[in-house]
Amino acid sequence: MELENGDDAVSPSASSTSAMASLLPLASVSQQPYVSELLSFTLDRLHKEPELLRVDAERIQRQMQEVAVGNYRAFIAAADALVAIKEEVSSIDKHLESLITEIPNLTSGCTEFIESAEEILEKRKMNQTLLANHSTFLDLLEIPQLMDTCVRNGNYDEALDLEAFVCKLSTMHPNLPVIQALAAEVRQTTQSLLSQLLQKLRSNIQLPECLRIIGYLRRIGVFSEYEMRLQFLRCRETWLTGILEDLDQRNAYEYLKGMISCHRMHLFDVVNQYRAIFADDTSGSEENYDGGLLFSWAMHQITTHLKTLKVMLPKITEGGSLSNILDQCMYCAMGLGWVGLDFRGLLPSLFEEAVLNLFSKNMNTAVENFQLVLDSHRWVPLPAVGFSATSISEESQEDVTPPSYLMEHPPLAVFINGVSAAMNELRPCAPVSLKNVLAQELIKGLQAVSDSLLRYNATRMLRENESGLFLSLCRAFIEVAFPHCATCFGRCYPGGAALIVDAKNLYEGVGRLLTISSSKEPPKPVSSGEEKTTSENGDLPHPVAENGVEPTADDKRSSEQNSPTLHSDEKISEAS
């Protein structure tokens, strides 16, 4: 019962203890177990608890002292460490302050490092990309050199393909310096290509090559359509001019032959090439498309051709050469007529002027030579000269042989030689329109001879025998030289002899002179038998002068020196 009561007594006390423990403010969480244990003690046990606590405190104190004594070095070291730690902490504090001060610089340095690192990284990436595309980049850099090689070797298609590729790259990458530098080099090579193509147009090339070159020029795209047409004509004109400059201008005949042949062949080819290449006129009229460019250029060429003829024709001194040039000009104009450049209607005036100048020059030369021989002539009797009748009959009826009787009168012989030479040069190229004009030139020459004879008679004092020889020369001029000149002119122009014969008034002065002389002393008639002293068997008797006086030996030698050889008029019978 006591135990039960005791249990019953304890149970209320235990509940009260827990209640009080919950009310103790000093009972922390770590003290809760001890407080709970105190509340479970009996009263006696609680009275003993302070003593027990004191004993435990002393025991612990003694243990602490023993531990302190036993480990005093550790405590000293700990104190020293504490002091060192304080000093180190102070130093660390100072260093931290300096570190804090240097942190902005460190930040900026790190920023710069990051930026430089990014740049280096970017360059590294570019270098890696360049290394990966090294072969392609090398091919790009070799494009100008490759294009230049193609141009030098004439591979124009490949060169233009490269130029188009670089132009495309330049358009796609306008901000890349390498591509722009590459495009600049290619443009320089393109200029070289353009110069080479234009130089080819200045050479002797045919239509297929012209078509290819114009195609290349269109691919380059430097010229507009009008400029390309103009450039084509300029280059071809330069080529034609070069051919003409290579000709020798010192020989007018050969130069004109070469020029006419050049224009006949090459001018025809150039016009056909132009029409074949630029045959894209949609309006149906070439002039409406290019402003008459081809027409103007062709007219310029024809005008230059005619101007050259006008300058060079007077330098030709042979009628046969003049006739040949006329034939070639007509043939050239007829050939160019197939392309609308027939200029035959412009030729007559040029050649008429040249023929007139040539004939006038030859007639003036004949008159001058007559005057010179007449002034220096010694009036001595000359032996009569004649030819057999058989030789004359065998000649063609078209031949006009100068009378052999004129050889007895050297001044007239020289004049007839000059007239024959003039007729020989006239006959191959005798314009019908100049018939009357040339007749007047011949009459003018005969008139000059007549005037020279009258002037000689008025200014010279001749002895009786010299006067007879002079009058014989005047009579030969009227009766032989004048009709012979008319006959020669009639061979050049049908009916032309009548124009000369009608001008009988030109020797009226010489006729009056003969009439006056005959009234003073009748002259001996000159018969055909006396003119020809050659006998049928070929024996030549001693020459006898017309006045019946036999020349001396000195006179014979003198006459042989002063007597020129009369040129036969063989060229008159030749056809032009």
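Q: How does the distance between the end C-alpha atoms of helix α9 agree with what its residues should span?
A: This is a predicted model, and here the two agree: α9 runs over residues 207–220, and its 14 residues at 1.5 Å a residue should span 20 Å, while the end C-alpha atoms are 20 Å apart.

Q: Nice. Which residues of α9 are buried?
A: C210, I213, I214, Y216, L217 and I220 are buried. They cover an arc of only 155 degrees around the axis, so they sit on the same side of α9.

Q: And what covers those buried residues of α9?
A: The cover includes α7 (156–172), α8 (177–201), α10 and α11.

Q: What happens just after α9?
A: There you find G221, which takes a positive phi of about 75 degrees.

Q: Changing topic to rings. How many aromatic pairs are there?
A: The count comes to seven. One of them is F232 with Y274, a tilted pair with 6.3 Å from centre to centre and 40 degrees between the planes.

Q: Why is that one called tilted?
A: Planes under 30 degrees apart would count as stacked and over 60 as edge-to-face, so the rest, in between, are tilted. The F232 and Y274 planes are at 40 degrees.

Q: Where in the chain are F232 and Y274?
A: F232 is in helix α10 (residues 225–245) and Y274 is in helix α11 (residues 252–277). They are 42 residues apart, and the pair links distant parts of the chain.

Q: Are F232 and Y274 buried or exposed?
A: F232 counts as buried because its relative accessibility is 0%. Y274 is also at 0% relative accessibility, so Y274 counts as buried too.

Q: Which residues do the ring pairs link into a cluster there?
A: F232, Y274 and F278 are linked into a cluster by ring pairs.

Q: What sits over the ring of F41?
A: The charged end of R45 does, 4.3 Å from the centre of the F41 ring.

Q: Is C262 buried or exposed?
A: C262 is buried, with a relative accessible area of 3%.

Q: And C150, buried or exposed?
A: C150 is buried as well, at a relative accessible area of 9%.

Definitions and conventions
Residues are numbered from 1 along each chain as its sequence is written. This is a predicted model: local features need pLDDT of at least 70, side-chain atom pairs count only at pLDDT 80 or more; totals for chains, interfaces and linings use all residues. Side-chain values use heavy atoms; hydrogens and water are left out. Rings of Phe, Tyr and Trp (its six-membered ring) pair if their centres lie within 6.5 Å; planes under 30 degrees apart count as stacked, over 60 as edge-to-face and the rest as tilted. Helices (H or I, at least four residues) and strands (E, at least two) are DSSP runs, numbered from the N terminus. Buried means under 20% relative accessible area, exposed over 50%, partly exposed in between (1.4 Å probe, protein chains only). A charge sits over a ring if NZ of Lys or CZ of Arg is within 6 Å of the ring centre and within 35 degrees of the ring normal. The expected span of a helix is 1.5 Å times one less than its number of residues. The arc is that of the directions from the helix axis to the C-beta atoms. Contact means heavy atoms within 4.5 Å.
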